[in-house]
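Colleague: Hi! Could you walk me through this one?
Modeller: Happy to, let me put it on screen.

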Amino acid sequence: MGTMLFQILYLVGYFFTNTFQMTKQITSLEDYQSTYKYSIENPENFWEEQANTFNWFKPFDKILEWNFEEPEIKWFVNGKLNITYNCLDRHIEVKGNQVAILWEPNNPNENVKKYTFKTLLSEVNKCANALKAKGITKGDRVIFYMPMVPELAIGVLACARIGAIHSVVFAGFSARALADRVDDAQAKMIVCSDYNNRGNKCIQVKQVVDDAMDLSCNSIETVLVHQNTGGEVNWSDDCDVWWHDLVDNQSDVCEPEWMDSEDMLFILYTSGSTGKPKGVVHTCGGYMVYTCYSFKNVFQYKEGDVYWCTADIGWITGHSYIVYGPLLAGATTMMFEGVPTYPDAGRFWSICEKHKVNQFYTAPTAIRALMAKGDEWPQKYDLSSIKVLGSVGEPINVEAWEWYDKHIGKGKAPIVDTWWQTETGGILITPLPGITDTKPTFASYPMPGVQPVLVDTEGNEKIGNGIEGLLCIKFPWPSMLRTTYGDHDRCCQTYFSPFKGYYFTGDGAKRDEEGRIRIIGRVDDVINVSGHRIGTAEVENAINAHPEVIESAVVGFPHEIKGQGIYAYVIVDGNINSNDEFISEVLKVVVKEIGPIAKPDEIQIVSGLPKTRSGKIMRRILRKIASKDISNLGDISTLLNPEVVDEIIEQAGLKA
């Protein structure tokens, strides 16, 4: 679009939306029930109403085209928009001087940074122009490997501003894992920092990028480096560029690129049941509509509230509920650089007191870790501003739920135990605070427009309450994944082929007598460690890279802090001099290949693995042993090598 036409459209008034509107917010139980009923009976009308609260450069021709067999899902067909216009520009007139991003540094003695909607738009535009100056155009992929600094959010939004596709890689992954993602996306640029301040550690970031570049990353033309700490880094004049040299001198005016509703917004890699991470693809229009709607309703955000999600933008939670959802809703969203226990176990609560946080959203792992530090820490701080508590990443256990309710919410702040996935884009099942009831361990009720069902192993829908089954969704919602990048067949096989006509979540669930849904856990070979999905095959591949390893099998087991830990059974090639030394070497290999997050908590060296006569490893048995539950292993006589089960049990120090 030319500058003059853009300005004319701007002056006409919010493009094809006649008045400035905000997403509807549910206000009562009756409102939820009637809204849900309407959204299921008239899904297209319902989502059209939500979409019309946003600014479209060109209105959509049709609400929805879909089938779950290909699969092919299109929302708001032929509509043109830019998500950053809706995140930033449309708020400027009314909220230009309101804080959009509030950044709390790792070191509590350093200065907080505040970006108003006006200053954030300016910074995003400068970064967008910098990207264009380095040849980044619509459709190009840009990888981010950064700590939780404001420049990460600015860079992500800058990509969306010009139609580039961002892919954030959690800055704890290894060089190998980073390189794999760069190569899969065929990215043209990596944006990183020099170092990462995390607790009392200063972690190399640029060096990991350099190591990844040495491994492969042949598509990369530019590495844009943000000077976070000022520490020394290796430098290549061929590709390395400082953020402050490139970005700071750019114009702060950048017209938003017109994007089709189904143009790619971002790729986010998630572990699957096979070794190769899946590049989950989300598109512009549907993701915009759903993340804003879910944010406003799940957290019951009100004007003037301060909202804090403690996640990392390297995960989907950070995308949807630190960056896009809150900014679309015109909210003040917090980013935190550090960890919950630095400089002490009161850091989360001191921040809540300092900034008068109203909605607090974190993971059960963090809650359990802080719970273990003692009740005295939250008692030191005034937490009366908190109106809503959220939980994300895994089902929260009863003890953690009750502690959270008593010591953080003081029995007055409802807990929303949210269930969703990287693939769903937004929260699908959750209580609504102050509106629906809450019950420990239950995600509870579907969001309007979301149609969950439980099916049996044959794909037959199970009707009624008080039942258990496999969790599927039978109708599309706007923010659902569209494909897995570069491999649409994998998307089909993973999510849509298991049960015809349904999106399969990969989770088992139960529905209680009142209709609340409880997530039981993964039914595939994926472990949920501290809310992060890690594929067992990916960890096994890393372990098997050790020269002394013949074969390995990885399973999950209950962990009092992480929720699930990683237990590895390893067959070695001959004798090893020291078990401890060998285990240390294996852990180093896993860190090198994937990152610290995937380190096994337990490694047991075994002579063999229980297998069927067709050669399939019986992971069910290994999970039982890892969980120290050998009361009912089932019939093992049909195994190829049943004697190995007793051997593994004995080595694990258990009594058969």
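Modeller: A quick definition to start: rings of Phe, Tyr and Trp (its six-membered ring) pair if their centres lie within 6.5 Å, with planes under 30 degrees apart counted as stacked, over 60 as edge-to-face and the rest as tilted. This is a predicted model, where local features need pLDDT of at least 70 and side-chain atom pairs count only at pLDDT 80 or more, while totals for chains, interfaces and linings use all residues. Residues are numbered from 1 along each chain as its sequence is written, and side-chain values use heavy atoms, with hydrogens and water left out.

Colleague: How many aromatic pairs does that rule give?
Modeller: The count is 43. Take Phe46 and Tyr293: their ring planes stand at 90° with the centres 5.6 Å apart, so this pair is edge-to-face.

Colleague: Where do those two sit in the chain?
Modeller: Phe46 is in helix 3 (residues 43–51) and Tyr293 in helix 11 (residues 284–298), 247 residues apart. Helices here are DSSP runs of H or I with at least four residues, strands are runs of E with at least two, and both are numbered from the N terminus.

Colleague: Is Phe46 buried or exposed?
Modeller: Phe46 is buried, at 2% relative accessible area, and Tyr293 is buried at 2% too. Buried means under 20%, exposed over 50%, and partly exposed in between (1.4 Å probe, protein chains only).

Colleague: Which residues do ring pairs link into a cluster?
Modeller: Tyr38, Phe46, Trp47, Trp56, Phe60, Trp75, Phe76, Tyr290 and Tyr293.

Colleague: Switching topic, what lies over the face of Trp377?
Modeller: Lys380, at 3.8 Å from the ring centre. Likewise, the charged end of Lys439 sits over the ring of Phe442, 4.4 Å from its centre. The rule asks for NZ of Lys or CZ of Arg within 6 Å of the ring centre and within 35 degrees of the ring normal.

Colleague: And which residues touch the most other members of the largest nonpolar core?
Modeller: Leu120, Phe299 and Tyr324, out of 115 residues. Such a core is a set of buried Ala, Val, Leu, Ile, Met, Phe, Trp, Tyr and Cys residues joined through side-chain atoms within 4.5 Å. A second, separate core has 50 residues, including Ala175 and Val570.

Colleague: What about the sheet with seven strands, in what order do they run?
Modeller: The order is 5-4-17-16-18-19-20, in an open sheet with mixed pairing. Two strands pair if DSSP finds at least two bridges between them. Strand 5 (113–116) and strand 20 (415–417) are the edges, each pairing on one side only.

Colleague: How many bridges join strand 16 to strand 17?
Modeller: Three, and these strands run parallel. Trp308 stands opposite Met334 in strand 17.
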